[in-house]
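Please follow this walk through the pockets and the aromatic contacts of the structure shown here, keeping the coordinates open alongside the text.

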Amino acid sequence: MKRYSKIWIMLSLISLQNSFAGRFGAIVFVIGKLIRFGMFFLLLAVLFNSTKALAGFTREQIFVVFLTYTLVDSISQLLFREVYRFRGRVVTGDFDLDLIKPLNSLFRPLLGGIDVLDAITLLPYLIVFVQITRGMQIQPLSVALFILLLLNALFISAGFHIIVLSLGVVTSEIDHAILIYRDIFQMGRFPTSIYTGLVRNVLTFVVPLTIMITVPAKVLFGLYSLQTLLAAFATSLIFLLVSLRLWQYALQKYTSASS
């Protein structure tokens with residue numbers, strides 16, 4: 001772990017230098033993300049001017065669900081940004097160089113350095129989250145469980161990104177897969193209970209947004225059970241194991257860029 005931590009820090013510093021190579025572009029990117037966050041927050045505020053509840057959730061609870069989605073999304077992009085660049089490494093053959101290094105084959109493609117721009121935008125999100133939840137009567141146990149479930153959601157997100165990487169190894173196409181994941185993930189901005197029928201089942205059992213977003217938020221409200229918590233952690237473990245198995249299968253099919 002010590003060796004991997006040093007390598008991760010080194011890769012993160014390289015990513016930091018690349019991010020600020022074009023300072024104007026970096027500033028515009030950060031401002032754009034903050035404006036996008038503010039506009040959707042404004043949309044929620046306007047929506048609740050005409051209604052006091054949505055699918056049984058109050059305005060403050062909907063805000064917490066949206067902020068939970070934002071935290072999971074931002075931290076995932078911060079940690080797994082290298083996935084978005086992986087196709088280029090496969091096409092050019094640079095991935096071959098990763099495989100011959102004395103490192104886990106998944107380390108560089110998945111954790112090849114943090115995205116510092118997402119780290120910058122994470123602070124305002126946390127400030128807003130604290131301000132929204134400060135007026136709510138939240139038990140310390142609920143806060144601890146929320147943090148654990150947030151980590152659990154990141155493991156599920158890691159599983160999704162590993163699946164996308166596996167597709168990139170097998171097909172050399174990754175852009176469409178990651179965009180599909182992003183589009184589906186955006187449905188977690190609202191509690192999944194607002195969806196009905198097949199859509200809700202898909203978001204619960206196939207793409208577990210319920211476990212990633214809605215369940216952690218509901219824990220803060222005190223709306224949880226032991227069965228729900230166990231199911232959430234079990235889903236994360238199974239999802240991660242399946243994604244790792246797919247990665248091993250993809251490596252067996254990899255023939256390098258020169259083949």
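**Pockets and aromatic contacts**

In the second largest pocket, helix α3 supplies the largest share of the lining, namely 6 residues. The model is a predicted one, and in it this second largest pocket has a volume of about 250 Å³. Its lining comprises 15 residues, and those nearest the centre of the pocket are K33, R36, D73, Y125 and R189. Helix α2, which spans residues 23-47, and helix α3 each give at least two residues to this lining. Divided by class, the lining of the second largest pocket holds 6 nonpolar, 3 polar and 6 charged residues.

The space within the largest pocket amounts to about 360 Å³. It is lined by 16 residues, of which F80, L110, L111, F155 and A158 are the closest to its centre. Two or more lining residues come from each of the helices α3 (59-80), α6 (107-110), α8 (140-171) and α12 (226-253), and the largest share, 5 residues, belongs to α8. As for the class of these residues, the lining of the largest pocket has 15 that are nonpolar and 1 that is polar, with no charged residue.

From the pockets we turn to the rings. A pair of aromatic rings is described by how far apart the centres are and by the angle between the planes. The model contains 11 aromatic pairs. One of them joins F86 and W247, whose ring centres are 6.4 Å apart and whose planes make an angle of 55 degrees, so that the pair counts as tilted. Because F86 belongs to helix α4 (residues 86-92) and W247 to helix α12, this contact ties together parts that are 161 residues apart in sequence. Are the two partners buried or exposed? With a relative accessibility of 0%, F86 counts as buried, and W247, at 1% relative accessibility, counts as buried too, because the cut-off for that class is under 20% relative accessible area.

Ring pairs also build a cluster, in which F66, Y69, F160, Y181, F185 and F239 are linked.

Charged side chains take part in ring contacts as well, and two arginines may be inspected here. The charged end of R81 lies over the ring of Y84, at 4.7 Å from the ring centre. For R3, the charged end sits over the ring of Y4, with 5.2 Å to the centre of that ring.

Terms used. Residues numbered from 1 in each chain as written. Predicted model: local features only at pLDDT ≥ 70, side-chain atom pairs only at ≥ 80, totals over all residues. Heavy atoms only, no water. 1 Å grid on protein atoms, 1.4 Å probe; cavity = no way out; pocket = protein on both sides within 12 Å on 5 of 7 lines; lining within 4 Å. Points joined across faces, edges and corners; volume = space filled by probe spheres on them. Helix = DSSP H or I, 4+ residues; strand = E, 2+ residues; numbered from the N terminus. Nonpolar A, V, L, I, M, F, W, Y, C, P; charged D, E, K, R; others polar. Phe/Tyr/Trp six-rings, centres within 6.5 Å; stacked < 30°, edge-to-face > 60°. Buried < 20%, exposed > 50% of the residue type's maximum accessible area, 1.4 Å probe, protein only. Lys NZ or Arg CZ within 6 Å of the ring centre and 35° of its normal.
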